[in-house]
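Visitor: I would like to learn how to read a structure such as this one. Please take me through some of its features, one at a time.

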Amino acid sequence: SRLGFEGPKGCYEIGPISRAPLFAFHCGKILASERKYNTKIPFYVMTSEANNKDTKDFFAKNNYFGLSRDRVSFFVQGMWPALWQDGRILMDRPDHIFTGPDGHGGTLTALHVNGMLADMAKRGLKTLSYFQVDNPLVEITDPAFIGLHCQRKAGMSVKVCAKRDANEGIGIMVLRNGRNSVVEYTELTKDQKHEKLPDGEFKYLYGSVAIHIFSLEFLKKEATAQLPLHIANKKVPYCDDDGNTVKPDAPNAYKFEKFIFDVLPDAACSVNLVFAREDDFSPVKNASGDDSPATTQRDLMLKFARWFKQCGVDVPLTADGGLKHKIEIDPCYALNADDLRKRLPKGYEITADTWLKAEG
């Protein structure tokens, strides 16, 4: 709703030159990893009742973005009603109760009830990579992250980064009763958000951006866990006294969500890995400002520009230090700077908008 895009968010076109949708970036990385490591990587896509058909149709229309159809599975998350601020159940039509997705914590239950955990076990999987669709920078098969998780025999591993300002909307990593935990930003007081240490650093500095690694055994154990409910005051369409559907301009109702990070304290061993956000995190959440299509495309191009610089290729800049040309690299052409270095011809130059796309 914040983005103002009608349809599954994964269909949103984010490629700076190609206009490739978010789904294409994720599928491209999976396909590239299959080829690079000579393996098969199943892809599990969680949908909602509202967008399940549209999502499936979009994948089919695009030939599953090169992935094998038998390795792409869709499963539907749960839905919950919303309440007016006085506690009444909210209707969005005269004959229909409004329901909304039950949050990313609903992933665990949805995997279980839709048979996905059983499918994972049947395929012989042991380690699962979790990410959210709105972040095209995510390194889905990050060898260091996966390797550290497996080396430590962790149940759950979390990538964390420093928050960019006191009020950034990310859950904050804390130590609670000797276990790693995450506190949602909406549940911190203003003083806690701004509190600093003597060296000037935020006391609550590192946040989780929903990039995780799970062991399958841990997911199976947590599938029926009773996670706490988190309340959010949101703008929810409602039915007025005349039977018309109204889209409010301000928050008018309470929605309830489960958060996947609430299982973190249950892990006998968990890992926090600090990462550079410019390499791994730039979500598409808002129509403008921070975390918008404009900032995500900028961050994608700056990431590709860093790869070129690491390969010794000069990246033309404008007078104010910005990129002179648009840059885009198809994941199947290169997943990182090392891949790019192997594919670039000697003496390569960037002279105009550059889109390096893998054929086939």
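Predicted model: local features only at pLDDT ≥ 70, side-chain atom pairs only at ≥ 80, totals over all residues.

Guide: Start with Asp70, which counts as exposed at 52% relative accessibility. Residues are numbered from 1 along each chain as its sequence is written, and side-chain values use heavy atoms, with hydrogens and water left out.

Visitor: Which side chain meets that of Asp70 in a salt bridge?

Guide: A salt bridge is a side-chain nitrogen of Lys or Arg within 4 Å of a carboxyl oxygen of Asp or Glu. For Asp70 the partner is Arg71, at 4.0 Å from N to O. Arg71 counts as buried, with 15% relative accessibility.

Visitor: How many salt bridges does the rule give?

Guide: The count comes to 23. One of them joins Lys285 and Asp134, at 2.9 Å from N to O. This pair links distant parts of the chain, 151 residues apart: Lys285 is in the loop between α8 and α9, and Asp134 in the loop between β8 (127-130) and α5 (143-152). Helices (H or I, at least four residues) and strands (E, at least two) are DSSP runs, numbered from the N terminus. Asp134 is buried, at 6% relative accessibility. Salt bridges can also form a network, as they do among Arg164, Asp165, Glu168, Arg277, Asp290 and Asp291.

Visitor: Where do Arg341 and Asp338 lie, and how many residues apart are they?

Guide: Both are in helix α10, and because they are three residues apart, about one helical turn separates them. An α-helix has 3.6 residues a turn, so residues three or four places apart point the same way. Arg341 and Asp338 form a salt bridge, their closest N and O atoms being 2.8 Å apart. Arg341 is partly exposed at 39%, and Asp338 is partly exposed at 45%.

Visitor: What does the loop between β8 and α5 hold besides Asp134?

Guide: Gln132 is found in that loop, and its 24% relative accessibility makes it partly exposed. Contact means heavy atoms within 4.5 Å. Setting aside neighbours within four places in sequence, Gln132 is in contact with His26, His104 and Ala210. Gln132 and Gly10 are 122 residues apart in sequence, with 9.5 Å between their C-alpha atoms.

Visitor: How is a helix such as α9 read, and which elements do its buried residues pack against?

Guide: Begin with its span. Helix α9 (residues 293-310) has 18 residues and reaches 26 Å from first to last C-alpha, close to the 26 Å expected; the expected value is 1.5 Å times one less than the number of residues. Its buried residues include Pro293, Leu300, Phe304 and Trp307. The buried residues of α9 pack against α1 (22-37), α8 (277-280), β18 (327-329), α10 (337-343) and β19 (354-356). Just after α9, Gly312 has a positive phi of about 80 degrees.

Visitor: How many disulfides does the structure hold?

Guide: A disulfide is a pair of cysteine sulfur atoms within 2.5 Å, and the structure holds zero. For Cys150, the nearest cysteine sulfur is that of Cys269, 11 Å away. Cys311 is in no disulfide either, the nearest cysteine sulfur being that of Cys332 at 18 Å. Cys150 is partly exposed, with a relative accessible area of 41%, whereas Cys311 counts as buried at 19%.

Methods. Buried < 20%, exposed > 50% of the residue type's maximum accessible area, 1.4 Å probe, protein only.
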